[in-house]
Amino acid sequence: MKDIKITDVRVQTGDSGFLVDDGTTAILYDTGFAFTGYGVAENVKKLLGRRKLDYIFLTHSHYDHALGAAYVLKYWPNAKIVAGEYAAKIFAKPSAKAVMRDLDMKFARKCGVTEYEDLIDDLKVDIPVKDGDIIEAGTMVFQAINLPGHTRCSVGYYMPENKLLLSTETLGVYKEDGTVIPSYLVGYNMTLESIAKVEALDIETILIPHYGILIGEQTKRYLKASKTHTIKVAEDFMRLVGEDKSDEEIIGYYKSIYYKDEVTISYPLDAVNLNTGIMLRLIKRECLGMDV
């Protein structure tokens, strides 16, 4: 087993960024927002000193996970960005970058940041990976695991030697009280399939976006809660639709359970309303056969 240190390098609540380092090779797992990109890079620099950053592993294409990569590259231009093949296609679309730019600016303003350098057009992928691909990062060897559900481009990185999974948001966002917040935006059934895929792996340690490390029994509880809450939301939505509740009422019910405490700080209200509406439409279509 390799001696690996995982350090939180986030700057702003809502960021996702962690340094994975075995003392020889350094990997930045997700990079946060554009407006916090330089801050994340500074945090990494403090940890690495004169050493270089070797890789950036991106879990998916959302702005709060990927946009900081362009800023980190200003510090380490030779660092290789690894992401799913589908994410690479998204980053190549000016329209997708325009949406990410808009979302980043809106959240930046909410955080009190009104001006920052725009490097979003520089976003790229050097090593696009598909399911099962092997990434040799120095002596750390990872297998790319496609985990669609939150997005189509969601990818985890599994290191069998350390029984370590660098996870993705498809499995849900972890809260301190043990709740896992489901966020399946492209498929309910594919989310369940992705959870089953992870359950089949030999995992002791899991790194969760927006949260950090879980070990041993914590990992087992998280995976169980991931499946439980994913199914619970679907069952609740179907029940409420059957009771002729309006979409607004159903979204309000979801928020009453999941949108509170620390989540309200990092998850803008307009985003939670939009994403919950998307989840509701998925359940109507996939589970109830409704034409929505």
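The expected span of a helix is 1.5 Å times one less than its number of residues. Keep that handy for this predicted model.

**Exercise 1.** Work out what span helix H5 (residues 94–110) should have, and check it against its end C-alpha atoms.

*Solution.* Step one: H5 has 17 residues, so at 1.5 Å a residue it should span 24 Å. Step two: the end C-alpha atoms of H5 sit 25 Å apart, which agrees. Just past H5 comes Gly112, with a positive phi of about 85°.

**Exercise 2.** Find how the buried residues of H5 are arranged around its axis.

*Solution.* Start with the list: Ala96, Lys97, Met100, Arg101, Asp104, Phe107 and Ala108 are the buried residues of H5. Look down the axis and these residues fall within an arc of 140°, so they line one face of the helix. The background: an α-helix has 3.6 residues a turn, so residues three or four places apart point the same way. Now for the cover: it includes helices H2 (63–66), H4 (85–91) and H9 (263–266).

**Exercise 3.** Run the span check on helix H7 (residues 217–242).

*Solution.* With 26 residues at 1.5 Å each, H7 should span 38 Å. Its end C-alpha atoms are 37 Å apart, so that agrees too. After H7 you meet Asp244, whose phi is positive, near 60°.

**Exercise 4.** Decide whether Met290 is buried, partly exposed or exposed, and say which patch it belongs to.

*Solution.* First, locate Met290: it lies in the segment after helix H10 (269–286). Next, its relative accessible area is 32%. Buried means under 20% and exposed over 50%, so Met290 is partly exposed.

Technical notes. Residues numbered from 1 in each chain as written. Predicted model: local features only at pLDDT ≥ 70, side-chain atom pairs only at ≥ 80, totals over all residues. Heavy atoms only, no water. Helix = DSSP H or I, 4+ residues; strand = E, 2+ residues; numbered from the N terminus. Buried < 20%, exposed > 50% of the residue type's maximum accessible area, 1.4 Å probe, protein only. Arc of directions from axis to C-beta. Contact = heavy atoms within 4.5 Å.
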